[in-house]
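Visitor: Could you take me through a single part of this model in detail, and show how that part sits within the rest of the chain? I would like the packing described carefully, with the residues named.

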Amino acid sequence: MLRLVCFILLPLLCATSTFAQDSFVNRFHDPIQRKIADWTDQHELDSLISVCSSPTAAYRQEAAYAFASIQDKHGLPTLIRLLHDPDQEVVQAAIYALGQIADSSSISSLLPLLNANQPQLEGNVLESMGKILAQSKDRKSTRLNSSHA
């Protein structure tokens, strides 16, 4: 009986596994994606900034996420420029990265996006602004506590 069940289920499991492999896209087959990952690991800000001018939206998006990972304020001007990118996924990545960096100077650039009439975009803007404001509050609280110590 066990052999019969295995005989019937084995081809089904293999077929499912093949489908899963076919639908998986390994972005690291792309040499530019590999470079972006390396630059992220090495905190190569100038290289990431240059990728943000690429004609390929996927590279601009990946670079924005790299800034989110690095959380370096030197990426703010580039991310603010990406808020006006024609590709909405790049804009979403820039919004996310600004929230991760959590510098209050970026709030004025995020505010106009609240009038975009795009609920998902507006929700992500609010989430990033919440992170920025919470981080700003935590910094002020830390400064006050350390000055009273």
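**Helix H4 and its partners**

Guide: In this predicted model, the axes of H4 and H6 come within 8 Å and cross at roughly 10°. An angle under 35 degrees counts as roughly parallel, and H4 is therefore roughly parallel to H6. On the H4 side, the residues that take part are Ala57, Arg60, Gln61, Ala64, Tyr65, Phe67 and Ala68, and they meet Glu89, Val90, Ala93, Ala94, Tyr96, Ala97, Gln100 and Ile101 in H6. Sorted by class, the residues of this contact comprise 11 nonpolar, 2 polar and 2 charged.

H4, which spans residues 57–70, also packs against helix H2, residues 31–41, and here the two axes come within 10 Å and cross at roughly 15°. H2 and H4 are therefore roughly parallel to each other as well, and their crossing is right-handed. From H2 the contact draws on Ile32, Gln33, Ile36, Trp39 and Thr40, while H4 contributes Ala58, Tyr59, Glu62, Ala63, Ala66, Ser69 and Ile70. The class count for H2 with H4 is 8 nonpolar, 3 polar and 1 charged residues.

Phe67, one of the H4 residues in the contact with H6, leads on to the largest nonpolar core, which has 32 residues and in which Phe67, Leu79, Leu82, Leu83, Ile95, Leu110 and Leu113 touch the most other members. The elements that give two or more residues to this core are helix H3 (45–51), H4, helix H5 (76–82), helix H6 (88–101), helix H7 (107–110) and helix H8 (119–148). Among these, H6 gives the most, with 8 residues. In soluble globular proteins, nonpolar side chains tend to be buried together.

Of its 149 residues, 33% count as buried, and among the contacts with a separation of 6 or more, 57% join residues 24 or more positions apart.

Definitions and conventions:
Residues numbered from 1 in each chain as written. Predicted model: local features only at pLDDT ≥ 70, side-chain atom pairs only at ≥ 80, totals over all residues. Heavy atoms only, no water. Axes fitted to C-alpha atoms, helices over the stretch in contact; angles between N-to-C directions. Helix = DSSP H or I, 4+ residues; strand = E, 2+ residues; numbered from the N terminus. Parallel < 35°, antiparallel > 145°, perpendicular 65-115°, else oblique. Left-handed = near helix turned anticlockwise from the far one by under 90°. Contact = heavy atoms within 4.5 Å. Nonpolar A, V, L, I, M, F, W, Y, C, P; charged D, E, K, R; others polar. Core = buried A, V, L, I, M, F, W, Y, C linked by side-chain atoms within 4.5 Å. Buried < 20%, exposed > 50% of the residue type's maximum accessible area, 1.4 Å probe, protein only.
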